[in-house]
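Good morning, colleagues. Please look at the sequence and the structure as they come up.

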Amino acid sequence: MKIEWKTCAKIAVSIFALFLAITYWENFAKFIGLVFAAATPLFIGAAVAYTVNLLMNFYERKFFGKIKNPKAIKIKRPLCMIIAFITLVAVIGLIIWLVLPEFVSAIMIVVDYIPDAVDWIVGQLEKLEYVPQDIIDMLVSIDWNSQIEKIAKAITSGFGSVMGAVITTVSTVLGGIVTAFLSLIFAIYILLGKEKLGKQADKLSKKYLKQSWYEKLRYVLATINDCFKKYIVGQCTEAVILGGLCAVGMMILGLPYATMIGALVAFTALIPVAGAFIGGGIGAFMILMVNPIQALVFVVFLVVLQQLEGNIIYPKVVGSSMGLPAIWVLAAVTIGGGGAGILGMLLGVPVAAAAYRILRNDVNGKTEEEIKKALE
């Protein structure tokens with residue numbers, strides 16, 4: 001078999017590149033980290049553009065779906081994009097407006113209750129007669145109100161006297177503002193030129209990939225896009241319904257912090273399976289500080305609401321559109337949360353659904369026509 005010099009050159013270059021990567025792995029890893037850090041605004045902008053694009057497409061279909069006037073079509077994209085951004089900002093602002101004031105109020109109640117709670121704990125310890133008297137005397141002698149005030153002052157002003165902390169905080173805030181601004185710019189450019197960017201990516205893929213690999217790449221990307229779109233739309237709709245029912249039910253039952261806990265449950269319900277329980281746990285703790293009986297009523301109400309949501313609302317709103325069995329949803333949330341925290345819990349389900357669908361189609365031997373039909 002005759003070996004061409006081009007093949008030898010490719011092998012030599014590959015071996016040399018592998019040698020450099022192994023020898024200078026630390027520097028190489030740092031370089032890759034710097035590249036990713038520099039590209040953070042682009043990644044965030046792409047994520048924002050993908051989310052806003054769902055709203056933008058909805059407004060384009062609703063407002064400009066049947067309009068054929070060239071002038072109206074020309075302003076369709078920027079107008080719908082602005083409306084979509086306003087909608088997103090309004091939703092985030094509404095959640096903050098509903099949650100923040102009552103959350104601060106609840107925290108103040110918790111702080112006020114700490115001394116009484118400590119006195120009650122000390123009383124219980126005295127009844128047990130197993131705790132040494134010197135420990136009880138120490139707990140009794142502490143002025144908890146003054147200690148809480150000292151902690152509050154340390155949080156609000158203590159760190160402000162340290163110049164290094166101030167510089168670090170200011171630089172972090174400025175860096176965050178710059179990143180947010182650049183991310184917004186990238187998102188706007190992506191949204192305004194998404195068709196052109198799509199065509200350019202398609203041309204590059206066709207040019208440098210084999211036809212079979214090109215078709216497989218398109219199929220994988222289409223599957224991922226379909227799963228993410230269904231997940232975002234379905235999960236957001238389900239979260240709004242669940243949060244609304246929670247707030248209305250709490251108002252009917254006369255429970256405190258109805259709007260705050262309803263908004264909190266809606267926000268945390270974006271995390272499948274465990275999200276509503278996270279919001280409900282925080283809400284139950286807040287109500288417990290006001291009235292333990294009402295906290296028990298809220299827990300019972302939330303359990304009933306969760307059963308209603310799991311058996312009626314979720315199947316109707318999201319249904320089997322994700323195509324992922326319940327056991328794998330739980331596994332995706334657990335693994336994603338363990339690996340990447342809240343972000344992993346949010347992204348774990350659509351990623352797992354896409355992988356599950358691709359693997360299922362491959363195992364079942366679906367034809368290309370069936371796959372294309374499923375993605376339409």
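Helices α2 and α3 are oblique to each other, a class left for angles that are neither under 35 degrees (roughly parallel), nor over 145 (roughly antiparallel), nor 65 to 115 (roughly perpendicular). Helix α2 covers residues 25-38 and helix α3 residues 40-64; they pack at about 45 degrees with axes 4 Å apart. Axes here are lines fitted to C-alpha atoms, for helices over the stretch in contact, and angles between N-to-C directions run from 0 to 180 degrees. Helices are DSSP runs of H or I with at least four residues, strands are runs of E with at least two, and both are numbered from the N terminus.

This is a predicted model, in which local features need pLDDT of at least 70 and side-chain atom pairs count only at pLDDT 80 or more, while totals for chains, interfaces and linings use all residues. Residues are numbered from 1 along each chain as its sequence is written, and side-chain values use heavy atoms, with hydrogens and water left out.

Which residues of α2 and α3 meet? From α2 they are Phe36, Ala37 and Ala38, and from α3 Thr40, Pro41 and Phe43, contact meaning heavy atoms within 4.5 Å.

Further along α3 lies glutamate 60. Its relative accessibility of 11% makes glutamate 60 buried (buried is under 20% relative accessible area, exposed over 50%, partly exposed in between, with a 1.4 Å probe and protein chains only). The glutamate 60 side chain forms a polar contact of 2.7 Å with that of arginine 77. Such a contact is a pair of N or O atoms within 3.5 Å; within protein, one must be able to donate a hydrogen and the other to accept it, and residues adjacent in sequence count only if both atoms are side-chain atoms.

Helix α8 (residues 194-208) and helix α9 (residues 211-253) cross at roughly 145 degrees, their axes coming within 8 Å. Asp202, Ser205 and Lys206 of α8 make the contact with Tyr214, Leu217 and Arg218 of α9.

Is tyrosine 257 buried or exposed? Tyrosine 257 is buried, at 11% relative accessible area. Most residues other than glycine have a negative phi. Tyrosine 257, although not a glycine, has a positive phi of about 60 degrees.

Finally, glycine 337 belongs to helix α13 (residues 326-364) and is partly exposed at 21%. Beyond its neighbours within four places in sequence, glycine 337 contacts Gly344 and Met345.
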